[in-house]
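Here are my notes for your first look at this fold. Keep the viewer open and check each point as you read.

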Amino acid sequence: MNNTSLKKIISETQNNPHIEWNDKSLLDIINSNSVFSGYIHNNFSDGFAGYFALLHNLTSNLDNDSTIVELGNREGLGILSIYDSLKENQTLYTLDIIDDVRFVGDKVKNDSRVHILNDFNSLDSDRIEKTFEKKSISMIFLDTIHTYEQASKEFDLWEPYMKDDCVMLVDDIRDYMPGRTKWRFHTELNYRHKYDVTEWAHSDTGFGVYLK
């Protein structure tokens, strides 16, 4: 993805930070939970969860053969957001070390385009090498442990597998969260295009979008 397209998607999502669902049946499980349905529908006035719409819109604008990777998938809201706009030949790999995708139904789990790997440590270099080809990932979302050290290690390990125009997303980049130091990763990352979309995407803890 080029920067012109990325800026356009960010702007459009900021203007409407809500998912226009293609398949509302994906929400059958989560809609019974008032808290988490509020998150995925972004039913807040302070821009708490607009990043789900951003995941959705970015996916729909990636090439048809794109590989998308999500590091950290607790509860499964990111999976639903990406899956609803996943194209025919796109592939989603979503990883965690805790098996808790409680809001993801069988339709998603049984889709051959989706690989939910919840025994996959994001720092397991051997498994990364066995699973992914170099320069194959079009979008990656870093959402595991919220520290500078974790984000830096993940970036170092996964960067060789990212395409030159890979879109990277990182949450929790605000600098006032106790015990959360990913803001240092955001500050130090030497990327040409860096977008802090915290205000409308994740006002609680921060959110960044990056392109080389």
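1. Which residue in β4 does Ile68 stand opposite? The residue is Met139. Keep in mind that this is a predicted model. The two strands to look at here are β1 and β4, which pair in the parallel sense. Their pairing runs over 5 bridges.

2. Now step back to the whole sheet. It is open and has 7 strands. Read across it and the order is β3-β2-β1-β4-β5-β7-β6. The pairing is mixed. β3 (114-117) and β6 (193-196) stand at the edges with a single partner strand each, so one side of each has no neighbour in the sheet. From one strand to the next, the twist averages 15°. As a reminder, strands of a sheet pair through backbone hydrogen bonds, either parallel or antiparallel.

3. Look next at β2. On one side, β2 pairs with β1 in the parallel sense, over 5 bridges. Thr67 has Thr91 in β2 as its bridge partner. β2 also pairs with β3, again in the parallel sense, over 4 bridges. There, Tyr93 has His115 in β3 as its bridge partner.

4. Is β2 mostly covered or mostly open? Mostly covered: 5 of its 5 residues are buried. In a regular strand the side chains alternate between the two faces of the sheet. Trace that in β2: Thr91, Tyr93 and Leu95 point one way. Leu92 and Thr94 point the other way. Residues of both sets are buried.

5. Follow the chain between two neighbours. β1, helix α4 (residues 77-83) and β2 make a β-α-β unit. This unit is right-handed.

6. Helix α1 (residues 3-15) lies across β5, β6 and β7 (207-211). α1 runs at about 5° to β6. Helix α7 lies across β1, β2, β4 and β5. α7 runs at about 165° to β4.

7. Stay with α7, which spans residues 148-158. Which of its residues are buried? They are Tyr148, Gln150, Ala151, Ser152, Glu154, Phe155 and Trp158. What covers them includes the strands β1 (67-71), β2 (91-95), β4 (137-142) and β5 (162-171). The helices α6 (125-131) and α8 (182-188) are also among the elements that cover them.

8. One last check for you.

Key
Residues numbered from 1 in each chain as written. Predicted model: local features only at pLDDT ≥ 70, side-chain atom pairs only at ≥ 80, totals over all residues. Heavy atoms only, no water. Buried < 20%, exposed > 50% of the residue type's maximum accessible area, 1.4 Å probe, protein only. Contact = heavy atoms within 4.5 Å. Pairing = 2+ DSSP bridges. Axes fitted to C-alpha atoms, helices over the stretch in contact; angles between N-to-C directions. Right-handed = clockwise from strand over helix to strand, strands pointing away.
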